Amino acid sequence: MRLAAWEFADPPKTGDAGDTGEAGGGQARVGEPERAPGVLLLHGLMGRASHWASAARWLGERHRAVALDQRGHGQSDHPPGDIYTRDAYVEDAEAAIEQLGLGPVVLIGHAMGALTAWQLAAKRPDLVRALVVCDMRASALGGASQREWENWFKAWPVPFATLADVRKWFGEDDPWVERPTPSRGEFYAEVMQESADGWRPVFEPEQMLKSRETWVFDAHWEELTQVQCPALVVRGLDGELGRAEAQEMVRVLPRGEYAEVADAGHIVHYDQPDAWRAAIEPFLDGVLAR
């Protein structure tokens, strides 16, 4: 499996601490600067690493910020078959941390990426120093939700003639849109590629449904109880994660904290990037101070 990862910073200069030529780096030597703490950003279903560009740039001021194109997404491999399992996504993130020498890392995940993040934090506490969960539910969503998604994919008017059509449909005309949301149109324009007959998604909708069905029928509270690192649960006020469930997730997490972003839907970091930063930066500052 070939995975693409994007580092939103200049590469380390030769001789910097941890530049040992081996995956995982090493401890800083006397007289050399310490390595910047690692952050791994995990997008949600249908997303891609570039969706994190805005957040990664300010994170890169104090962290080594890397965003991963998860399997079946972006520029990572899109193999056919039933390999889009929870274990596979977790193992991909685990491999990225180890091969890029990011650990112990701060994991920041949106939606499906948040579930991957807290499952990895539960599995490998040695690799994860802190966790940010953005708008992902821990409860089971069930078969009705999966059928709704199947019908939604069928409603997409693909191929789109232009990117402007993509932005308009996802930002205004999509029946799931309650009010015009330009940021949503931009989000989906980012995951389209031009083909001979127009613009189509870079992913296979069937593979996205296979990925989704590996978690929608199960609840994921037990894994939350196993997360020992500091964890921040963030929700958009108009997102998919309700306040009561978010606060219960915080209660279940051994070291949970809560934040919410006004005027934001499900894609919080895209809808309100400045407010998203204001919500998570104090938490990250606290992690660095520990």
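What percentage of the 290 residues of the protein chain count as buried? The share is 49%. The model is a predicted one, and the points below are grouped by topic.

**Overall architecture**

- The protein chain contains eleven helices and nine strands.
- Its radius of gyration is 19 Å, close to the 19 Å that the globule rule gives for 290 residues, so the chain is as compact as a globular protein of that length.
- Along the principal axes, the C-alpha atoms of the protein chain fill a box of roughly 60 × 45 × 35 Å.
- Among contacts in the protein chain with a separation of 6 or more, 73% are between residues 24 or more positions apart.

**Surface and charge**

- The protein chain has an accessible surface of about 13,300 Å², and carbon and sulfur atoms account for 48% of that area.

**Nonpolar cores**

- The largest nonpolar core has 61 residues, of which Leu-40, Met-46, Leu-107, Trp-118 and Trp-156 touch the most other members.
- Helix H3 (residues 112-123) supplies the largest share of this core, with eight residues.
- Another core, of 29 residues, lies apart from the largest one, and its members include Trp-52, Ala-53, Ala-65 and Val-132.
- Which residues does Leu-107 contact when its neighbours within four places in sequence are left aside? They are Leu-40, Leu-42, Ile-97, Ala-117, Leu-120, Val-128, Ala-130, Leu-131 and Val-132.

**Helix H6**

- Six of the eight residues of helix H6 (residues 182-189) are buried, so H6 is largely enclosed by the rest of the structure.
- The buried residues of H6 are Ser-183, Arg-184, Gly-185, Phe-187, Tyr-188 and Ala-189.
- Against which elements do the buried residues of H6 pack? Their partners are helix H4 (142-155), helix H5 (163-173), strand E6 (192-195) and helix H10 (268-271).

**Cis peptide bonds**

- The peptide bond from Gly-103 to Pro-104 is cis, with omega near -10°. Pro-104 is located in the loop between helix H2 (86-100) and strand E4 (105-110).
- The peptide bond from Val-158 to Pro-159 is also cis, with omega near 0°. Pro-159 is located in the loop between H4 and H5.

- Met-46 is not a glycine, yet it has a positive phi of about 75°. This residue lies in the loop between strand E2 (38-42) and helix H1 (53-59).
- Is Met-46 buried or exposed? With a relative accessible area of 2%, Met-46 is buried, because that value falls under the 20% cut-off. Met-46 is also one of the residues that touch the most other members of the largest nonpolar core.
- Asp-135 likewise has a positive phi, of about 50°, although it is not a glycine. Its position is in the loop between strand E5 (128-134) and H4.
- Asp-135 has a relative accessible area of 2%, so it too counts as buried, the limit being under 20%.

Note on methods: Residues are numbered from 1 along each chain as its sequence is written. This is a predicted model: local features need pLDDT of at least 70, side-chain atom pairs count only at pLDDT 80 or more; totals for chains, interfaces and linings use all residues. Side-chain values use heavy atoms; hydrogens and water are left out. A nonpolar core is a set of buried Ala, Val, Leu, Ile, Met, Phe, Trp, Tyr and Cys residues joined through side-chain atoms within 4.5 Å. Buried means under 20% relative accessible area, exposed over 50%, partly exposed in between (1.4 Å probe, protein chains only). Helices (H or I, at least four residues) and strands (E, at least two) are DSSP runs, numbered from the N terminus. Contact means heavy atoms within 4.5 Å. The radius of gyration is taken over C-alpha atoms; the globule rule is 2.2 Å times the number of residues to the power 0.38. Accessible areas come from the Shrake-Rupley method with a 1.4 Å probe; for residues, only the protein chains shown count as cover.
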